[in-house]
Amino acid sequence: MSYLKLVLFQGVWAACALGAAQGRAGIGLAAALGLVLLHVAIAPRPGRTLATVAAAAVLGFAAETAMVSAGAIKYATAWPDDHAAPAWVIGLWAAFATTSDSARRLLGAHALGKAALLGLVLAPASYLAGARLGALTLPVPAWSGLVVVAAVWAIAYPLLLALEPRERTAAD
């Protein structure tokens, strides 16, 4: 199931990026909501899972709005306001939270440190891909926005993993 969640998230990412690039951000938002609802429906503790996803959405809103305000990124479909994170991006963060249990298991020991490194390296690549698809624009020079993205995600990704409640085992 771990790999399936990661694959499903990649589909949501594509729906969000391509939808926003074509001025149809609702498509991506609907895909993100669908993944979140599926994740909550199959979760052993739906209330806790929903709280984790909601916390990730709040973190995402804060992080993305800070990057937009700093001029590090500008979204093509900036609904409801071009000074804050758009709704489809918040949905994307909520959908990304559905992968945190899988990521924690796959990263194993020192998951938070590995998550910081992954955020530092992979997030700029994701935003650059989004820019090339037309979902967002980066400042000139682009590296200046990508440095901000890397710094934000080096902090945000470990925080997202830390939000995921860990199940206690007999060994705990």
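Reader: What are the ground rules of the model?
Author: Residues are numbered from 1 along each chain as its sequence is written, and side-chain values use heavy atoms, without hydrogens and water. The model is predicted: local features need pLDDT of at least 70, side-chain atom pairs count only at pLDDT 80 or more, and totals for chains, interfaces and linings use all residues.

Reader: Which pattern does the protein chain follow along the sequence?
Author: Elements are DSSP runs numbered from the N terminus: helices are H or I, at least four residues, and strands are E, at least two. The chain has 7 helices and 2 strands. Read in order, the pattern is α-α-α-β-α-α-α-β-α.

Reader: What share of the 172 residues is buried?
Author: Buried means under 20% relative accessible area (1.4 Å probe, protein chains only). By that cut-off, the share in the protein chain is 44%.

Reader: At roughly what angle do the axes of H2 and H4 cross?
Author: Axes are lines fitted to C-alpha atoms, for helices over the stretch in contact; angles run from 0 to 180 degrees between N-to-C directions. H2 spans residues 25-42 and H4 residues 87-97. Their axes come within 8 Å and cross at roughly 25°.

Reader: Which residues of H4 does H2 meet?
Author: Contact means heavy atoms within 4.5 Å. From H2 come Ala25, Leu29, Ala32, Leu35 and Val36. Their partners in H4 are Ala87, Trp88, Gly91, Leu92, Ala94 and Ala95.

Reader: What does the C-alpha trace span along its principal axes?
Author: The trace belongs to the protein chain. Its spans are about 55 × 30 × 25 Å.

Definitions and conventions. Buried means under 20% relative accessible area, exposed over 50%, partly exposed in between (1.4 Å probe, protein chains only).
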